[in-house]
Amino acid sequence: MNVLPRWRSLDALAGLLAFAMAAAFAELIAALFIVVSPYIAVGDAVIRLAPVGAVRFAISTFGTYDKPVLLGVIALITLLFGALVGMAARARPDVSTFGFALWWAVCSAASWAGQTSAVAAATIISAAGAAGWVVLNQMLARIPTDTHPVDASTDSMLANDPRRRTPDRRAFFAFAAASAGASVVAMVGARRLGGAYVDVEASRRSITLPSARQPLPAVPPSAALDTPGISPLITPNAEFYRIDTALSVPRVDIEQWRLRITGMVERPQEFTYAELAAMPVEEADVTLTCVSNEVGGRLLGNARWLGIPLPALLERAGVRAGATQIVGRSVDGFTAGFPTEVALDGRAAMVALAMNGEVLPTEHGFPVRLVVPGLYGYVSATKWLAEIQLTTLEAFDPYWIPRGWSRLGPIKTQSRIDVPLGRKTIVAGRTPIAGIAWGGIRSISKVEVRVVPANAKDDGPWLPARLGDALSQSTWRQWVVEWDALPGDYDITVRATDGTGVTQPADRAAPAPSGATGWHTVRVTVRGA
Ligand SMILES: Nc1nc2c(c(=O)[nH]1)N[C@H]1C(S)=C(S)[C@@H](COP(=O)(O)O)O[C@H]1N2
Ligand SMILES: [Mo]
């Protein structure tokens with residue numbers, strides 16, 4: 001028994017290395033999935049849970065090193081915990097399982113509380129923890145024990161238990177070196193991939209938005225109708241539709257990130273986030289919509305954007321004659337392009353920093369995105385913008401063009417019924433029919449509603465809707481019609497007329513290749529009161 005202490009330090013080393021390996025693998029897998037690593041998630045959780053006084057103390061003591069110090073402490077605690085688990089596992093083999101279960105629980109809780117999806121977090125942490133657990137038990141099995149070295153040949157049942165395998169000091173060190181090496185490789189790999197280290201939420205929180213030179217007035221009551229169930233005039237960020245090709249949301253490191261203006265320009269430009277945010281900014285209310293939106297679909301939203309006017313950026317760069325196309329390129333390689341003249345015709349095309357008073361949400365393109373009023377998102381609204389390239393319309397086809405979508409993507413005039421919802425039964429009596437209508441940059445001048453008994457031969461008259469005021473030329477307008485509903489089945493149809501006097505056509509067209517057309521109709525059943 002007195003030989004035991006000699007091996008105890010190896011037990012501790014085995015535990016330490018196994019936990020280091022689990023942590024390093026978690027980093028690497030998280031980086032591959034481009035989600036927040038459990039290590040960062042635990043750090044975030046500590047910051048969130050720490051009393052305000054402790055946070056202030058840390059900042060005043062460590063200054064800008066507060067984050068590295070915190071992460072260093074967490075790493076140290078993890079390694080110490082691993083060493084203790086390794087030592088305890090000698091006497092009580094179950095301790096290694098318990099130790100990894102605890103590590104799993106802490107990391108998972110922190111990740112779920114943070115940004116990572118429960119499935120991704122659990123997968124990552126389970127896989128990494130399982131690898132660490134196997135390595136720990138393999139190493140422990142190779143450390144010579146004091147009293148009863150087991151002869152594998154005498155008891156084949158016992159020999160199958162990894163902890164009873166023939167101890168072998170050399171094999172232990174080989175294993176230890178291999179796991180240390182694997183941890184280092186995993187850490188370096190994770191660093192290279194980068195994403196996992198980027199705490200986007202923290203950098204979003206740290207940003208103070210500039211104010212517009214001429215801030216827009218608050219939304220006037222005359223613009224917003226209060227019909228229950230109608231789309232809110234401004235779509236809250238959390239409810240704004242999301243469409244992109246990114247499997248996981250790009251997490252941009254704001255320190256490394258630059259916006260470049262390249263191609264057919266006199267003076268190629270490169271901006272840091274701070275440089276961009278220091279330029280004069282403007283606000284604009286703009287409805288963004290997806291070309292894939294079906295008639296009556298929900299792939300659109302209306303927001304108040306804050307950003308640098310695109311013409312100002314182009315002026316800095318000096319657009320060369322003949323540069324007929326502006327291509328936005330995202331950090332993940334996505335591209336969208338539109339005619340240069342569109343950006344310069346007076347509409348509020350911008351490089352947006354903020355959406356509804358909030359730093360651009362990560363899913364909507366943090367740090368910056370393009371917003372071009374009147375164009376579908378697929379040709380204009382590049383999120384996670386890294387480059388604005390001036391070229392010609394002939395020289396480059398952006399992402400969706402070779403995939404069959406039309407070259408130019410002006411938004412078509414459309415209208416949608418929000419209430420009553422289709423296939424609903426409503427009670428007879430006075431009931432509002434309400435919704436939204438939009439017409440790119442042409443605004444909306446008229447909305448009409450028609451209510452006819454289901455399957456009626458004749459079309460009924462068109463009733464003019466009351467319109468909320470337009471926030472801008474480029475936003476949707478809310479509309480409402482009061483209807484005296486009598487029992488029966490009805491088809492309710494809406495059509496809008498844009499600011500140039502053109503009424504949206506009745507002919508149905510599918511979204512591909514240039515946006516859906518046709519009138520939105522819902523069928524409702526009215527029952528007696
Ligand atoms: N980087 C990037 N930006 C993108 C896309 C994309 O796939 N990747 N999709 C575009 C499309 S098709 C639309 S409709 C809008 C949607 O913007 P949202 O997700 O903020 O609503 O983003 C555009 N910008
Ligand atoms: Mo889209």
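These are my notebook entries on a predicted model, looked up one feature at a time.

**Ground rules.** Residues are numbered from 1 along each chain as its sequence is written, and chains are lettered from A and ligands numbered from 1 in the order in which they are written. Because the model is predicted, local features need pLDDT of at least 70 and side-chain atom pairs count only at pLDDT 80 or more, while totals for chains, interfaces and linings use all residues; side-chain values use heavy atoms, with hydrogens and water left out.

**Entry 1, the ligand.** I started with ligand 1 and the 19 residues around it, of which Y241, T245, H364, R369 and K383 come nearest. Here, near means that a heavy atom of the residue lies within 4 Å of the molecule. I sorted this shell by class and found nine nonpolar, five polar and five charged residues. In this scheme Ala, Val, Leu, Ile, Met, Phe, Trp, Tyr, Cys and Pro are nonpolar, Asp, Glu, Lys and Arg are charged, and the others, Gly among them, are polar.

Which side chains put a polar atom by an oxygen of ligand 1? I noted H364, with an N or O atom 2.6 Å from a ligand oxygen, and R369, with a polar side-chain atom at 2.7 Å. From the backbone, a polar atom of I243 lies 3.0 Å from an oxygen atom of the ligand. The protein covers 99% of the 530 Å² of accessible area that ligand 1 has on its own (Shrake-Rupley method, 1.4 Å probe; for residues, only the protein chains shown count as cover).

Next I looked at β10, residues 385-391, where six of the seven residues are buried. Buried means under 20% relative accessible area, exposed over 50%, and partly exposed in between, with a 1.4 Å probe and protein chains only. Helices (H or I, at least four residues) and strands (E, at least two) are DSSP runs, numbered from the N terminus. Strand β1 (259-263) runs parallel to β10 and is joined to it by four bridges, with G263 opposite L390. Strand β5 (325-330) is antiparallel to β10, over six bridges, and R329 has E387 as its bridge partner. Two strands pair if DSSP finds at least two bridges between them.

In the loop between α13 (377-380) and β10 I found W384. W384 has a positive phi of about 50° although it is not a glycine, and at 3% relative accessible area it is buried.

Four strands make an open antiparallel sheet in the order β11-β13-β17-β16. Why is one side of β11 and of β16 left without a neighbour in the sheet? Both stand at the edges, each with a single partner strand, so one side of each has no neighbour there. Strands β13 (429-438) and β17 (477-485) pair over nine bridges, and P432 faces E482 across them.

N455 is in the loop between β14 (444-453) and β15 (463-464). Is N455 buried or exposed? At 64% relative accessibility, N455 counts as exposed. Beyond its neighbours within four places in sequence, N455 is in contact (heavy atoms within 4.5 Å) with D491 and R523.

Lastly, I checked two peptide bonds. The bond from F366 to P367 is cis, with omega near 10°, and P367 is in the loop between β8 (358-359) and β9 (369-371). A512 and P513 are also joined by a cis bond, with omega about 5°.

Notes: Polar contact = N/O pair within 3.5 Å; in protein donor to acceptor, adjacent residues only side chain to side chain.
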